[in-house]
Structure formats: C-alpha cells, structure tokens
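Hi there,

Here is the structure we talked about, with a few notes below on what turned up in it. Have a look at it first, then read on.

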Amino acid sequence: AYMRKVHTMIIDLGCGRNKQPGAIGVDNVNLEGVDVVHDLSLIPYPFSDNCADEIILSHVIEHFYVDDINNILKETYRILNDKGVATISVPHAMSVAFNSDPTHKTRFTFETFYYFSSHHAFSYYKQLRPMWSVSRLWASVNLFNNHLVPTTARQRKIEHKVSRVMSYLVRHSRSHFGWLISTASLKRRVLDLRELRLLNEFRGI
C-alpha cells in the first residue's frame, strides 16, 4: 500500500478535467479545476526547487516527443524534494488506449523507462538523459473500454484479479506484454512506472 504524508504538496501536471483531489492542477487549457495555466513544453515551470512531495503525470508524456519528455522529467526532478514521488501513467504501445488517440506521439512498453537508466545497454543514446535506475516494475490491467460504457462491478473485479496476476508476472520477468496499458511512479530519486497499467520504480543516480 502507498500512503501519502499529511500536508503534502501535490502537483498534477497536465491534469485536464481529472485533477487528483488535494493537488495543484496544471494544464495548458483553463478548464474547471485547473489552478495554474502553463504549457508543459515551456521550461521552467512556475514552481520553486524541491517544493513538491508528489508530482502526477497521468496520461501526459505520451503526447510529447523524446526531447520534451526529457525536459518534463528534468523539471519533475527539480521540483520534487529529496523524498518526493512522481506518479506517471502512460498507455502501452500495443494497447487500444494508445492507438486510438491521434495525439499520441511517443510509444512506451515495459522496457522503455529502462532507457532512462545508465544500466541499460542503449542509455548512451544522445537523445536520452539517464538520470535514473530502475528498482521496481509492475502492471495493472484495463480490459474494458470505460470511456464509452461504464464498467460494472463484476468487470472491475475481473480487472483487479488479472492485474494481480500480471503484476506478479511483470515483477518476475522482463517480458513485454503487448496488450497492457502502463503507470509509472517516479520519485525524485525513485521512479514508479505503472498502468494496461505498467509500473517501474526508478532511483536517481
């Protein structure tokens, strides 16, 4: 289980209409619930260094190319305090969630965030900034399209059970499950990728 501290500062970057309760919502569109209007491609963000306990990027970074993703992660690292956490959700590259949205630009699989670790064989790519090391990987599953029809209690129960099985498989292998959706949780020194949902945990180096 993951428990938040009392009186934490939580920033939900790219929150859209679904800002997390208690968070400061940031988006480039002035929607209801958005507290700060800011384009995430414009650096720096209007927050001081080491000020946040948690940063949320829920289905955001897949809408950017690698250079912008690097900048977003760098800003995330700057804003989080030493024990801070960022939770990042992205759709898996082979999922319907990824392929149905024409604004998605960058694909993610269970291995993608390893490229941001110095331990990956290809982390020397000039386009990457290997600031992290992966310490955890897990997944959760979305089998039903709840954007068109609300899921039933039975469907949610099935998804929960499948997620538990998938998390076990992901934790005990580096296999790629193409039908998953991904969530990453990122600490200032630790990144947790989750979401079908995928989850990696990174530690800063």
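A residue is called buried when its relative accessible area is under 20%, exposed when over 50%, and partly exposed in between (1.4 Å probe, protein chains only). Buried residues account for 45% of the 205 residues in the chain.

Please note that this is a predicted model, in which local features need pLDDT of at least 70, side-chain atom pairs count only at pLDDT 80 or more, and totals for chains, interfaces and linings use all residues. Residues are numbered from 1 along each chain as its sequence is written, and side-chain values use heavy atoms, with hydrogens and water left out.

The chain has 3 helices and 9 strands (DSSP runs numbered from the N terminus: H or I of at least four residues for helices, E of at least two for strands). Along the sequence they follow the pattern β-β-β-β-α-β-α-β-α-β-β-β.

T76 sits in helix 1, residues 66-79, and is buried, with a relative accessible area of 0%. A polar atom of its side chain lies 2.8 Å from the backbone oxygen of I72.

Leaving out residues up to four places away in sequence, I61 touches I69, I72, I88, V90, F108 and F113 (contact means heavy atoms within 4.5 Å).

Best wishes

Notes:
Polar contact = N/O pair within 3.5 Å; in protein donor to acceptor, adjacent residues only side chain to side chain.
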